[in-house]
Amino acid sequence: MARFFRRFLILTVIVFLALNIMAYLHARSMLYFSSSNTPRVDAAQLSFTQKVDVLFTGITMSRPEANIKPSSLGHHCTRIRIPNGPASFLGTWYCPNTQQDRLVILFHGYAMDKSSQLNVARFFIASEYSVLLVDFRGSWESSESYTTIGYDEADDVATTINYARQNLAHQKIVLYGQSMGAAAILRAVHSLDIHADALILELVFDDLVNTVKNRFSMMNLPAFPAAHLLVLWGSVQTDFNGFTHNPVTYAKTVDIPTLFLHGDADTRARLSEALR
């Protein structure tokens with residue numbers, strides 16, 4: 001019996017260490033972008049062999065980039081580089097409308113860049129709004145090569161709106177965020193005392209653990225305890241507490257007029273979570 005329990009204990013320790021190593025690697029692959037041009041992969045479309053490989057190493061995420069110019073939105077659109085710390089900056093595009101003194105600032109989702117917001121920007125431009133499209137840290141024309149899924153990106157929201165108030169001089173400002181962008185806006189309002197005239201929030205997740213669980217479910221893999229370990233090691237690597245990064249909590253303190261958009265086909269942030 002003593003030999004059995006000793007072997008059982010050794011096996012338990014090996015499994016525990018293996019799970020934590022895998023979670024560490026997964027977290028790193030989710031939060032730190034690669035410089036390679038590996039195409040983005042939809043986890044739900046992976047083959048069984050690919051899923052096994054991803055299970056051990058995580059999906060390699062290339063740094064989000066695009067190859068278009070501000071003129072794709074109009075000849076009046078220009079680049080603005082906004083300082084975001086001693087050696088950091090945010091790459092933005094500004095399209096002013098001289099007829100109306102209203103500005104919409106657009107924030108993209110996870111592992112994306114501002115080019116994902118072009119159609120939204122065109123809608124607001126056609127509606128006679130000025131628009132400012134922003135690359136979060138780690139994306140395309142901004143500095144850095146990492147993401148915190150909306151946590152530190154709240155600082156990017158604050159930096160952008162403060163710059164807009166001081167340099168672009170619009171009387172009314174609307175913040176539009178999709179997925180991670182919406183989470184960053186909510187945290188900026190809740191934790192950084194950021195004010196705007198209105199918010200538009202699309203496809204926002206309720207809390208970080210749930211949205212990580214959903215990614216495992218998409219691959220038909222057990223979410224417990226993998227999701228919790230992934231959030232734990234992600235928190236260690238990026239120096240923030242992912243277990244407290246919960247838009248459902250941030251939203252409770254919002255007193256700004258808000259348009260909230262969600263659909264029932266989103267597998268990463270489900271409708272039941274949006275309703276929370």
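**Exercise 1. Is Asp207 buried or exposed, and what does its side chain meet?**

Solution. The model is predicted, so local features need pLDDT of at least 70 and side-chain atom pairs count only at pLDDT 80 or more, whereas totals for chains, interfaces and linings use all residues. Residues are numbered from 1 along each chain as its sequence is written, and side-chain values use heavy atoms, with hydrogens and water left out.

Step 1. Asp207 has a relative accessible area of 12% and is therefore buried, where buried means under 20%, exposed over 50% and partly exposed in between, with a 1.4 Å probe and protein chains only.

Step 2. The side chain of Asp207 meets that of Arg276 in a salt bridge, at 3.4 Å from N to O; the term stands for a side-chain nitrogen of Lys or Arg within 4 Å of a carboxyl oxygen of Asp or Glu.

Step 3. This pair links distant parts of the chain, with Arg276 in the segment after helix H9 (271–275) and Asp207 in the loop between strand S6 (198–202) and H6, 69 residues apart. Helices (H or I, at least four residues) and strands (E, at least two) are DSSP runs, numbered from the N terminus. Arg276, at 55% relative accessibility, counts as exposed.

**Exercise 2. Trace the salt-bridge network that includes Glu141.**

Solution. Step 1. Glu141 forms a salt bridge with Arg79, the closest N and O atoms being 2.7 Å apart. Because Arg79 lies in strand S1 and Glu141 in the loop between S4 and H4, the pair ties together parts that are 62 residues apart in sequence.

Step 2. Glu141 also forms a salt bridge with Lys114, where the closest N and O atoms are 2.7 Å apart. Here the loop between S4 and H4, holding Glu141, is linked to the loop between S3 and helix H3 (118–126), holding Lys114, across 27 residues.

Step 3. In accessibility, Lys114 is buried with a relative accessible area of 1%, Glu141 counts as buried at 19%, and Arg79 counts as partly exposed at 48%.

Step 4. Salt bridges that share partners join Arg79, Lys114, Asp135 and Glu141 into one network, and the structure holds 6 salt bridges.

**Exercise 3. Describe the disulfide and its handedness.**

Solution. Step 1. Cys77 and Cys95 form a disulfide with their sulfur atoms 2.0 Å apart, the criterion being a pair of cysteine sulfur atoms within 2.5 Å; the count by this rule comes to 1.

Step 2. The torsion about the S-S bond is about 120°, so the disulfide is right-handed.

Step 3. Cys77 sits in the loop between helix H2 (48–57) and strand S1 (78–83), while Cys95 sits in strand S2 (residues 89–95), 18 residues apart; both cysteines are buried.

**Exercise 4. Which backbone features are found at Pro225, Glu144 and Ile149?**

Solution. Step 1. Most residues other than glycine have a negative phi, and most peptide bonds are trans.

Step 2. The peptide bond from Phe224 to Pro225 is cis, with omega near 5°, and Pro225 lies in the loop between helix H6 (208–218) and helix H7 (226–238).

Step 3. Glu144, although not a glycine, has a positive phi of about 75°, and Ile149, likewise not a glycine, has a positive phi of about 55°.

Step 4. Glu144 is placed in the loop between strand S4 (130–134) and helix H4 (153–167), and Ile149 lies in the loop between S4 and H4. Glu144 counts as partly exposed at 29% relative accessibility, whereas Ile149 is buried, with a relative accessible area of 9%.
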